[in-house]
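Trainee: Hi! Could you walk me through this one? I'd like to start with where the chains meet.
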There are 2 protein chains.
Amino acid sequence: MNIQEILKKKEIHPYLLNVRYGMEKESQRVTLTGDLVTSDYPKTLGNRTHHPYIQTDFAETQMELITPVTESIQELFRWLAAIHDVAYRSMSEEEMLWPLSMPPALPEKDEEIVIAKLDNFEDVLYRRYLAITYGRRKQMVSGIHFNFEFGDSLIRQLFQQQTEETDYLQFKTEIYLKVTRNYLRYRWLITYLYGATPISETRYFMEEKQPAEPVRSIRNSEYGYKNHEDVRVTYASMPEYVADIDKMVEEGKLSEEKEFYSPVRLRGGKKMADLATAGIRYIELRNIDLNPFEQFGISETQVEFLHLFLLFLLWKEEGAQPDEWVAEGDQKDNLVALEHPLSETVLVEEGRTLLAEMSAFVEELSISVSENLFSDIVAALEDPKQTLAGKLYLASQKSSQATLAVEQGKKYYETAWEKPYQLAGFRGMELSTQILMFDAIQRGIQVTLLDESDQFLKLKAGKKIEYVKNANMTSKDSYVVPLIMANKTVTKKVLDQAGFRVPAGKEYDDEATALTGYSEFADKGFVVKPKSTNYGLGISIFKDGATFENYQEAVAIAFSEDTSILVEEFLPGTEYRFVIFDGETKAIMLRVPANVKGDGKKMVAELVAEKNQDPLRGTHHRSPLELIQLGSIEKLMLKEQGYTIDSIPEKDTIIYLRENSNVSTGGDSIDVTDEIPEDYKKIAADAVAAIGAKICGIDLIIPDTSRPAEDPGAYGIIEANFNPAMHMHIYPYQGQSRRLTMDVLALLFPEMMD
Amino acid sequence: MNIQEILKKKEIHPYLLNVRYGMEKESQRVTLTGDLVTSDYPKTLGNRTHHPYIQTDFAETQMELITPVTESIQELFRWLAAIHDVAYRSMSEEEMLWPLSMPPALPEKDEEIVIAKLDNFEDVLYRRYLAITYGRRKQMVSGIHFNFEFGDSLIRQLFQQQTEETDYLQFKTEIYLKVTRNYLRYRWLITYLYGATPISETRYFMEEKQPAEPVRSIRNSEYGYKNHEDVRVTYASMPEYVADIDKMVEEGKLSEEKEFYSPVRLRGGKKMADLATAGIRYIELRNIDLNPFEQFGISETQVEFLHLFLLFLLWKEEGAQPDEWVAEGDQKDNLVALEHPLSETVLVEEGRTLLAEMSAFVEELSISVSENLFSDIVAALEDPKQTLAGKLYLASQKSSQATLAVEQGKKYYETAWEKPYQLAGFRGMELSTQILMFDAIQRGIQVTLLDESDQFLKLKAGKKIEYVKNANMTSKDSYVVPLIMANKTVTKKVLDQAGFRVPAGKEYDDEATALTGYSEFADKGFVVKPKSTNYGLGISIFKDGATFENYQEAVAIAFSEDTSILVEEFLPGTEYRFVIFDGETKAIMLRVPANVKGDGKKMVAELVAEKNQDPLRGTHHRSPLELIQLGSIEKLMLKEQGYTIDSIPEKDTIIYLRENSNVSTGGDSIDVTDEIPEDYKKIAADAVAAIGAKICGIDLIIPDTSRPAEDPGAYGIIEANFNPAMHMHIYPYQGQSRRLTMDVLALLFPEMMD
């Protein structure tokens with residue numbers, strides 16, 4: 001089979017870059033000063049037994065972050081970002097992740113390196129065995145495992161273009177075996193470029209045998225964490241590979257198949273035995289050191305280069321003798337790993353040839369590659385200072401590698417904590433969805449984005465699947481219930497017929513008829529509003545009645561927003577938003593119009609600027625609170641109160657800048673859940689039950705919460721919302737946070753909340 | 001209490017016409033030639049025990065149509081219209097309703113007048129007693145019972161404006177007692193105007209005592225169906241009224257309280273005894289003859305006049321002696337009832353005074369009244385030919401009263417059957433909602449319109465309430481499921497992940513990226529479409545691939561309709577719409593583009609005109625099929641086939657006028673439910689189950705239904721619809737009707753489907 005001829009075919013080109021990536025990244029948990037922590041795996045992460053995103057590796061301190069399978073670099077990195085965000089913010093605020101593959105200073109006593117406290121006793125036993133066989137210190141090294149799979153459509157196209165192999169699975173296996181052998185042969189280039197363990201930290205090596213530091217990669221050298229020398233496995237063919245591993249296990253050289261620590265692991269099925277029947281599904285590169293200059297331990301450029309490199313290795317002819325070919329690679333890799341990080345590699349000439357071939361390959365197949373990718377790699381080949389090991393060694397010279405690691409680690413820590421309400425990687429999504437995803441990832445519920453712009457998620461735990469849109473539209477509500485809530489007239493009729501107090505009112509479909517209603521409302525407080533808009537547009541409020549002219553104008557304004565309008569009795573009192581989930585009042589919020597409090601010294605504009613410093617305030621609904629504006633509406637409002645933006649309000653005087661209390665126009669959100677008496681909570685919950693909703697935000701007007709709720713006129717229900725904003729309750733301006741997103745998950749996956 | 005002074009107050013005026021009406025209308029079922037039927041109550045109406053709309057009165061042939069309580073004349077008449085539509089179309093097509101109060105020719109033998117076959121034995125016993133006491137023939141007369149209630153807001157306003165009566169219920173009772181006494185005193189005017197039983201039909205009177213026909217109203221005269229003369233009840237006060245009736249029952253003059261057949265019945269609570277405690281809630285006028293010139297037995301003008309008359313009677317002073325006052329009314333009414341229909345009434349002078357007072361009252365209180373209402377009434381007072389009895393008598397002279405009744409009856413019958421897919425009174429609503437309402441009314445499920453323009457219904461049977469929007473959005477589906485279906489990308493992902501075949505494809509959010517996808521689709525059949533529009537707009541289909549220019553153009557067209565587009569593999573085959581309710585395939589439809597079949601004689605335009613004669617075809621989705629157009633698209637399509645609208649296609653040649661198969665552009669709907677093999681039905685049902693939907697329309701492309709559905713490529717799922725059009729299945733162009741609306745009701749109220 002001439003793979004090069006096949007790859008050149010035009011039909012193949014659309015599929016060439018089809019790919020699936022996944023990543024597992026280990027990191028040691030350390031204090032903010034870089035000491036290994038003594039704390040357990042964070043409790044906030046729930047049960048780690050089946051946690052799909054955040055696990056423990058060998059030691060209790062060694063966190064393993066696992067991305068789902070992704071289909072692009074962009075997707076891979078957004079998941080890396082998100083899982084890092086969750087990992088950081090699930091740990092104590094006193095902890096961070098150590099950014100080096102090399103662990104920080106290790107304890108003097110071996111037993112102070114605590115083996116992961118897993119529930120499954122077999123897992124613990126295996127780690128105990130590893131500790132005895134390889135030593136606990138060696139196990140503390142961290143790295144990246146990069147799972148790589150050619151797109152199925154690519155392999156199917158290749159399969160169709162050849163005739164020699166008739167079995168698809170066999171064909172696929174051969175593809176991966178070739179790539180694996182070539183990777184093992186040429187991986188020294190990866191070690192040269194991306195090796196990043198030049199120096200060991202205190203008490204990593206306790207034995208005599210140590211490398212002559214600095215080197216390029218202790219971890220990839222013979223001093224790294226490797227199988228004993230008598231473990232030998234061929235990559236010549238799948239049956240031979242499986243047979244060899246079986247033999248090693250039989251002979252006791254490996255305790256079990258997973259102890260085989262090849263720099264490339266062949267993957268498919270759940271157990272290695274499946275490989276023989278189902279073939280290779282993907283390969284796992286295990287030789288990547290953590291890149292301390294990158295927040296997630298690896299850069300997008302590195303991933304792109306690895307991808308191209310693997311594709312190139314499929315194209316590139318290999319040596320005739322598989323075992324010798326691989327052995328040659330092992331030897332070369334060790335050589336490069338142990339070179340001084342600033343010295344030219346002895347393999348520079350082979351490197352030049354390799355990169356030139358790769359460049360020609362990319363051009364011949366018209367593969368689109370990021371600008372500077374090749375020139376930067378070529379430059380690094382010529383200049384060791386541009387390799388990761390070179391950069392790390394040089395930077396460490398200024399102080400120490402550990403100091404640098406703490407600096408880098410703290411930078412990443414601060415990034416993760418800067419806007420704790422956002423989820424890195426998904427900041428374009430609605431805030432409530434970001435928080436819900438955070439909570440799901442934290443609890444180990446698998447998240448799949450079905451449609452990002454539509455805020456559509458698939459959640460999965462065990463065999464159970466739930467779909468969620470806009471963070472709280474779920475299977476728990478019946479279809480017709482949100483339709484009831486979406487229609488103000490219908491909501492009112494349903495509540496009224498169930499005996500709840502709603503403002504009396506009428507619906508009109510034309511202006512002439514609406515005007516005949518004047519006499520009914522004229523002398524009382526009333527509100528004129530469009531039937532179905534939701535943003536406060538077109539609403540006129542007359543707290544003490546209105547002239548016919550005012551009424552006429554209000555009717556016209558409302559009709560400019562909708563084809564139907566409502567004229568309703570005005571209910572005086574304070575408006576509270578009750579959030580009810582499954583019959584329980586989970587949060588109550590008071591919203592206060594945008595305001596500042598005078599201190600007798602600062603001008604209004606300064607007070608606003610000061611209040612806007614709050615990290616909770618931002619723009620475009622990507623923060624729990626919005627910045628207070630000083631636009632024409634606010635200036636007019638100030639003017640009406642006898643102020644300008646330069647006025648200096650007296651101490652403790654509160655100056656309102658808006659009439660409406662919407663958080664979206666700079667209002668304050670104040671949690672008052674614990675202050676509202678039970679009887680009002682019951683009214684709200686009962687009203688939601690009358691509508692039949694499981695998830696609902698319901699707005700009550702209450703003139704005086706100290707009056708019993710059963711008093712006539714004690715409350716009035718203004719509106720019910722089937723998609724209540726949750727972020728404002730989770731990050732209120734004032735008062736206690738109510739983690740409503742976790743409550744949504746508890747409704748969907750009660751079994752995951754233990 | 002000076003009620004006139006109170007009514008004059010300006011505060012009262014907005015509430016003056018607030019009112020609640022309800023109507024019960026009896027009619028005999030007859031054949032299309034006017035003979036009393038011998039058939040039972042229609043089985044289609046389900047169980048009549050608690051039927052809220054359609055009941056039987058005394059005889060099995062005597063249907064009673066009952067409206068819900070309504071708050072305007074318009075609302076009352078739309079319900080009358082709807083219930084009549086349902087009644088007509090629930091009977092055999094050989095039956096109609098007799099439009100006169102006077103029954104048609106009665107059988108010779110008494111026992112051939114069949115007493116209503118009710119389930120409740122007590123109800124049957126009571127009718128047997130009535131048959132013995134009053135005779136079966138007398139019981140066969142029909143009429144209208146008009147339930148009248150002043151708006152609660154009006155009575156509350158009146159109550160607040162006075163100080164004499166402190167008990168609200170007592171006040172209300174007094175209001176109604178006054179109106180009742182005055183109505184009894186002046187009801188002769190109603191008999192004069194609206195009396196409509198001038199002549200008896202064959203064998204109505206079998207005894208000697210008969211009126212000297214013609215008269216104005218046999219039914220309201222002493223010859224009508226009345227209590228025996230020894231039944232005397234006072235209206236002086238509520239306690240006296242209740243005591244009198246109790247006494248009559250005790251003395252055996254009445255079998256029970258409901259046998260008291262006053263022209264006005266006082267109503268409140270379930271039993272008469274409740275009147276004493278809860279007071280009068282409304283009054284029931286029982287003296288209205290059926291108006292044979294009106295489809296529903298009464299006109300809107302009659303209702304308006306009755307309303308104003310009752311309001312006027314509240315205003316008008318009454319006589320000092322209640323019993324004498326009422327007795328005077330009884331005597332005058334009998335006098336007028338027995339006058340010749342074309343003679344001037346002896347009470348014409350009292351009538352003139354009454355109408356003049358009423359007119360002044362209306363003016364003084366600025367009540368808005370329909371044009372000509374008073375002038376027509378005044379004219380009828382002066383000219384007996386303009387009274388109902390006068391008109392009926394005159395019209396009957398041309399042939400006979402019975403012939404006229406058959407003519408009128410058939411006219412109403414034909415109106416009811418003209419467009420059997422519509423529901424009179426609610427023709428502005430969506431067709432599926434009209435049909436669902438028809439079915440609900442037929443089955444005795446109470447229907448409340450919550451929002452007409454939003455197609456929002458409340459359905460109730462027993463204590464169970466269900467809400468329905470757009471005829472099939474119900475509580476049976478969970479909220480997130482229609483959201484899945486509303487998003488084509490999400491639907492495809494869910495179906496794909498569950499193992500169903502969906503067209504391969506990609507979603508693009510910008511044109512540049514979309515263009516890079518060309519190579520992937522170029523050489524196969526594919527479709528470019530906007531992500532979320534639903535009306536076929538912006539879709540380009542390339543059955544055999546396309547040039548880059550064509551692709552580019554198609555992408556631009558799709559983006560002109562939406563911000564995201566889909567490029568999908570084209571699946572060849574025939575598209576079928578499967579409708580699945582609760583896991584069962586209820587209907588499968590094939591939609592064929594607008595077409596005509598040549599006969600070798602007619603031109604295309606004539607063939608189209610001929611096909612458009614089908615009463616199922618109409619416009620604006622208020623018919624199951626749309627008219628075939630001959631616009632520019634159709635002409636272009638003809639041209640491409642070498643035709644014009646003047647061409648004469650050969651016999652049996654089918655000429656297509658559209659490429660798309662939408663029913664909305666004149667396409668034909670063909671039911672193929674019984675022709676599609678079970679395995680495809682299972683695929684469709686399983687796919688719907690995978691989405692989690694209870695009510696779903698799912699579109700499958702099937703190249704060949706004779707192939708097993710499990711064959712690779714045997715089917716592809718194009719789309720799932722959470723609000724599938726139902727009317728096209730109920731009234732298909734060809735094939736069997738599938739009553740999907742009844743299936744929706746069966747899902748919601750299985751207990752009502754026995």
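Mentor: Happy to, and keep in mind that this is a predicted model. Start with helix 18 of chain A, residues 488-497, which lies across strand 8, strand 9 and strand 10 of chain B.

Trainee: At about what angle does helix 18 of chain A run to strand 8 of chain B?
Mentor: The angle is about 130 degrees.

Trainee: And what order do those chain B strands come in?
Mentor: They make an open sheet of 3 strands in the order 8-9-10, with antiparallel pairing. Strand 8 (446-451) and strand 10 (464-469) of chain B are the edge strands, each pairing on one side only. From one strand to the next, the twist averages 25 degrees.

Trainee: How many bridges join strand 9 to strand 10 in chain B?
Mentor: There are 6 bridges between strand 9 (residues 456-461) and strand 10 of chain B. To find one spot on screen, look for F456(B), which stands opposite K469(B) in strand 10 of chain B.

Trainee: What holds strands together in a sheet, in general?
Mentor: Strands of a sheet pair through backbone hydrogen bonds, in parallel or antiparallel fashion.

Trainee: Back to the two chains. How many residues does each bring to the contact?
Mentor: Chain B gives 34 residues and chain A gives 34 residues. Between them the two chains bury about 2,900 Å², with 60% of that on carbon and sulfur atoms.

Trainee: How many salt bridges are there across that interface?
Mentor: The rule finds 2 salt bridges between chain B and chain A. D451(B) forms a salt bridge with K531(A), and their closest N and O atoms are 2.0 Å apart.

Trainee: New topic: strand 7 of chain A. Is it mostly covered or mostly uncovered?
Mentor: Mostly covered: 7 of the 7 residues in strand 7 (residues 282-288) of chain A are buried.

Trainee: Which strands does strand 7 of chain A join up with?
Mentor: Strand 5 (residues 144-150) of chain A is joined to strand 7 by 4 bridges, running antiparallel. There, F146(A) has L285(A) as its bridge partner. Strand 6 (residues 264-267) of chain A is also joined to strand 7 by 4 bridges, again antiparallel, and L266(A) stands opposite I283(A).

Trainee: Last one: which residues have the most contacts inside the largest nonpolar core?
Mentor: Those are Y241(A), F305(A) and F309(A), in a core of 154 residues. Leaving out residues up to four places away in sequence, F309(A) touches Y183(A), Y186(A), L189(A), I190(A), L354(A) and M358(A). Apart from that core lies another of 153 residues, including Y88(B) and F159(B).

Methods:
Residues numbered from 1 in each chain as written. Chains lettered and ligands numbered in written order. Predicted model: local features only at pLDDT ≥ 70, side-chain atom pairs only at ≥ 80, totals over all residues. Heavy atoms only, no water. Core = buried A, V, L, I, M, F, W, Y, C linked by side-chain atoms within 4.5 Å. Buried < 20%, exposed > 50% of the residue type's maximum accessible area, 1.4 Å probe, protein only. Contact = heavy atoms within 4.5 Å. Pairing = 2+ DSSP bridges. Helix = DSSP H or I, 4+ residues; strand = E, 2+ residues; numbered from the N terminus. Axes fitted to C-alpha atoms, helices over the stretch in contact; angles between N-to-C directions. Buried area = accessible area lost by both parts, 1.4 Å probe. Salt bridge = Lys/Arg side-chain N within 4 Å of Asp/Glu carboxyl O.
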